[in-house]
Structure formats: structure tokens, C-alpha cells
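Subject: Structure handover

Hello,

My notes follow below it.

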Amino acid sequence: MRDESNRGDGGVPHLSPEEFRELGHRLVDWVADYQQRLESFPVRSQVAPGEVASMLPLRPPEEGLDGVKGWDAVLRDLEDVILPGVTHWQSPSFFAYFPANASGPAVLGELLSAGLGVQGMLWSTSPAATELETRVVDWLVDLTGLPEDFRSTSERGGGVIQGTASEATLVAMVAARERARRRGAPAGSEWVAYASTQAHSSVLKAAMLCGVAHGAEDTTHVRLIQTNDRYGMRPELLERAIREDLDAGRAPFFVCATVGSTSSGAVDPVRAIGEVMARTPMNSSGGWLHIDAAWAGSALVCPEHRDLLDGMDRVDSFAFNPHKWLLTNFDCNAFFTRDRQALLDALSVTPEYLRNSASASGAVIDYRDWQVPLGRRFRALKLWFVLRHYGAKGLRAHIREHVRLAQCFEAWVQEDARFEVVTPRSLALVCFRSKPLPGESSKDTDGRNRELLERVNATGKVFLTHTVLLAVEGAPARYVLRMAIGAATTEERHVRAAWELLAGSVR
């Protein structure tokens, strides 16, 4: 018989604080146990398509759980149904894509955010949510060495937590277009945005979402600029493209430079790109330079990596993801701009039900005007917990150890005559492959590397991913394996084991 004691007047079986406490303890214990047994699981899920769904009922339950005891069934399903279908991103042997760090302090911050249930769209809907966010993003300015005019206390700039780098790119693009309009771009302008061929697909998606690009194949309004032999954008080709578009009557308005590309960790020459924009009419019409440093931006906590900031004096906005490599679980993007008014002009809509005296005073920040959605979670809590727990020294040690491990891996690859490093290591990312055999076609070399990757991943001992590096100056595109080191618990023994598995599996 269901315990009726916790039902409200409407018969809704809410958890009492005592029941919530008991279940919360069990789930925190479960998470802690999961962290301890991470290495016992295959890194990449081994289930077949549809296998998880086949174990779930087609229809929702009519009756709820029979009190706390009923949760035993949920925890069994968590083990038997959900866990086998999880790819373990926090495994120390996860080397795929880029890291998606989680840490104990961040998880606790996420729990507190959920428990408080704050909707921080306006300062007035929770002053602490806004003011803590303002303070921690300003801390990031200090930690990463960003220019002072990205700080919220500067005359025109400031920072905000977005969900992802993709959202940051979209926000930057709509702000850029609005600024260009306000500086005299004619109505009905045929807008053009620019990025390198190595830029993240979110640049194109942003252009599609805000109506700049007319579909994924639109190369007229999103110009992808060819790169040099290290996969950074070629500034002279950017300048040529901008002048061609100006001559054709189009309106260049936005350039996205990548610092740490997804494929190879390539870095665009930010200073040279800014100089190109400055010496073209794009500058006077409000052209906007955005930096996507989604992964590599975390490395800026280490002073030795701040050469990545060269040219930041010409940048309008900058974004990176603490949820990638700074021990703060997804989602958490730090977005900074020198021109917060452009964001407000592009994104502020104020219906009567949002009007309040604090907002009207102009003395507070309403972050709903700095993003696409209206509502926003209390994401600053987890970032605050991480920054307080680790401190600058701990964060620097975290980044430096992963860079050191990547240097070790790169050296092991270089010492084995069967392998080659395809492009110079970028921070903690190494792109490599099995070398072509004598007389082997590029297609067959790619095929062998594809098979090598699948054999290694099928063991469940590690998980790596690949990319295809596009042709540079006439060279054929190459299928390349990526070793992206960044899980919070990865040690040298895990990297060594991955290399030994790769070296022992090559054919």
C-alpha cells in the first residue's frame, strides 16, 4: 500500500524533506561509487542501436512509485538499463573529441543549482544569481589574462555565462549584424560572414539561424577561407574575399577566428586578421571579430600559453568553454565582449510583465538580454565552486599535466617508425596516423587508419576519434587519429596504455 502521509491536498505524492534526504544520500553514494569504478567499464558504450529503448516501456506509468522503497526499482534500472548505454566521458581513458570535464565541486554546484531552482533571467528574479555570475566571469578575466575592457566594470564590456560556444557564436553574430545596421548598413543588405575551413560548424549554423546564410551549402554568405600548412586562416585570402564581396555590393560584417580548432587544434592568426579588417571598409561599417576558443581558452590560465591572446586588442568578443577543460561540467561557456550595448540592441525585448524598478534604474544587469533564451539556470554556482576549490594554482596544474602527457604521447609516436605526427601538437591534442606503406595509395592508408581506430575502440579499453584534415596547397585530405587528453582523472599510465594498445594493433 502506498504511503499517503506525504500527499498534498491534491493527492500529489511529493517527496518529504526526509525522503529527499534519504534518496539524495543514496544517489550521491551511487555517483561516488561510479567514480571509483569508472575504469571497470568499456569507455565507449557497447550497446546496439535501439537496445536501450527496447528495455524501456512504450507508455509512461499511470501509478507513481510506492514511496522511497519504490526507488529501488529505479536504481536497478539505472544499473541494468542506463549504465550499459553510457559512453563514459569521465573515464581516464576517454581521449575522444575534446574533454567534457566534470569534477566533484562542479557536480555539487549543479546539485545546489537544481535544489534552489532559481530562474535567473532578471536581476530581480534572484540578485545573487546575477551578481555571483558577474563576479566569477570577472575572475576569469584575471585568470586568463584577457584585456581589462572585457571586465564588467569597464565602460563598455562585460562577460556572461552562455550554454555553449555555439550559442556564443550566434549571440556574437546577431550583435555584429545589429551594430553594422546602426552604423549605416543599408536595409536589405546581403550580409557575409567569414571563418576558416577549419572553423566549427556552429559558425554556419549561426548564420543559418539568423538568416545570413540560406542553407548549409551557401558559400556566398558564409565564406570559408583556406588555411596554411598548420591549418590557420590565411589573412591575405580573407582580405581578398572581403574586397571581392564589397565590390559585389555585399556587406561583410563578421569574422570568426578560431583559437584551437576542433580537428587539429589550429590557431588562426588573430592579429593579422584584425589588421586585415582594420584596413578595409569593413572596419568603418562596424565589422566584428569574434574568437572561438572553446577548447583552448582554458589553457590561458597558464601564462606560458598566453601567446594565444596575440591580437586581442582588435577583438570584439571572445568565448571559451570551462565545461571542456576547466573542471566545470556541461554546460558552461564564458562569453566576453567589448561592446555590451550591441548585445542589448540586438537581443533586448521587454514585455510589460518583465518590467521592474531595478531594471528601469539601469543599476543592474539583466542577463536575459545577453543571450537567446529568456530563462537561465544558476550556472555560476558550479563555476564558483570550481574556482574556490582548485584556485588558480590547481587549475594551472590541471592544464599543465595534460599538456605534459600529450608531449609524452607525441614523443612515443615520433619514436615509432610506423607512425607519424601529422601536424604539430596543439596543447593536449596530438593528431597522428599510421604512416603510408611503400606504394600504398592515400585511400588505402586512410582505410588502414580507419580500421586501426575501430579495432582499438572496440576493445573498450580506450576511446579515440578521428578527423579528416582538408587538403593544404594541393596535398590530399588525410584521415587522422586524434589523441585529446583532458579527462580529470587521466594519469600517465592511462596514456601509456593507450599508446601500447595502438602500437600493438597497427597492421
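At roughly what angle do the axes of helix 13 and helix 15 cross? The answer is roughly 25°, and the axes come within 10 Å. Please bear in mind throughout that this is a predicted model.

**Helix 13 and helix 15**

Helix 13 covers residues 380–415, and helix 15 covers residues 492–505. With a crossing angle of roughly 25°, helix 13 is therefore roughly parallel to helix 15, as the angle falls under 35 degrees. The crossing is right-handed. On the helix 13 side, the contact uses Arg404, Leu405, Phe409, Trp412 and Val413. Helix 15 supplies Glu492, Val495, Arg496, Trp499 and Leu502. Seven of these contact residues are nonpolar and three are charged, with no polar ones.

**The chain overall**

The chain holds 15 helices and eleven strands. Its radius of gyration is 25 Å, close to the 23 Å that the globule rule gives for 507 residues, so the chain is as compact as a globular protein of that length. The C-alpha trace spans about 80 × 70 × 45 Å along its principal axes. Of the 507 residues, 51% are buried. Take the contacts between residues at least 6 apart in sequence: 73% of them join residues at least 24 apart.

**Two further helix pairs**

Helix 8 (residues 235–247) and helix 9 (residues 270–278) have axes that come within 9 Å and cross at roughly 25°. Helix 8 is thus roughly parallel to helix 9. Their crossing is right-handed. From helix 8, Pro235, Leu238, Glu239 and Ile242 take part. They meet Ala272, Ile273 and Val276 of helix 9. By class, that contact has six nonpolar residues, one charged and no polar.

Helix 6 (residues 165–182) and helix 7 (residues 202–209) also have axes that come within 9 Å, but the crossing angle is roughly 45°. That angle makes helix 6 oblique to helix 7. Helix 6 passes helix 7 in a right-handed crossing. Ser166, Thr169, Leu170 and Met173 make the contact from helix 6. Ser202, Val203, Ala206, Ala207 and Leu209 make it from helix 7. The contact residues are six nonpolar and three polar, with no charged ones.

**Backbone points to check**

Most residues other than glycine have a negative phi, and most peptide bonds are trans.

- Tyrosine 97 has a positive phi of about 45°, although it is not a glycine. Tyrosine 97 sits in the loop between helix 3 (71–82) and helix 4 (104–116). Its relative accessibility is 43%, so tyrosine 97 counts as partly exposed.
- Leucine 427 also has a positive phi, near 55°, and is a residue other than glycine. The loop holding leucine 427 runs between strand 8 (419–426) and strand 9 (429–434). Leucine 427 is buried because its relative accessible area is 12%, under the 20% cut-off.
- Aspartate 331 is in the loop between helix 10 (322–325) and strand 7 (333–337).

**Proline 303**

Which residues does proline 303 touch, not counting residues up to four places away in sequence? They are Arg396 and Arg400. Proline 303 belongs to the loop between strand 5 (288–292) and strand 6 (317–320). At 48% relative accessibility, proline 303 is partly exposed. The C-alpha atoms of proline 303 and leucine 143 are separated by 9.2 Å, although these residues are 160 apart along the chain.

That is the handover.

Best wishes

Terms used: Residues are numbered from 1 along each chain as its sequence is written. This is a predicted model: local features need pLDDT of at least 70, side-chain atom pairs count only at pLDDT 80 or more; totals for chains, interfaces and linings use all residues. Side-chain values use heavy atoms; hydrogens and water are left out. Axes are lines fitted to C-alpha atoms, for helices over the stretch in contact, and angles run from 0 to 180 degrees between N-to-C directions. Helices (H or I, at least four residues) and strands (E, at least two) are DSSP runs, numbered from the N terminus. Angles under 35 degrees count as roughly parallel, over 145 as roughly antiparallel, 65 to 115 as roughly perpendicular and the rest as oblique. A crossing is left-handed if the near helix is turned anticlockwise from the far one by less than a right angle, and right-handed if clockwise. Contact means heavy atoms within 4.5 Å. Ala, Val, Leu, Ile, Met, Phe, Trp, Tyr, Cys and Pro count as nonpolar, Asp, Glu, Lys and Arg as charged, and the others, Gly among them, as polar. The radius of gyration is taken over C-alpha atoms; the globule rule is 2.2 Å times the number of residues to the power 0.38. Buried means under 20% relative accessible area, exposed over 50%, partly exposed in between (1.4 Å probe, protein chains only).
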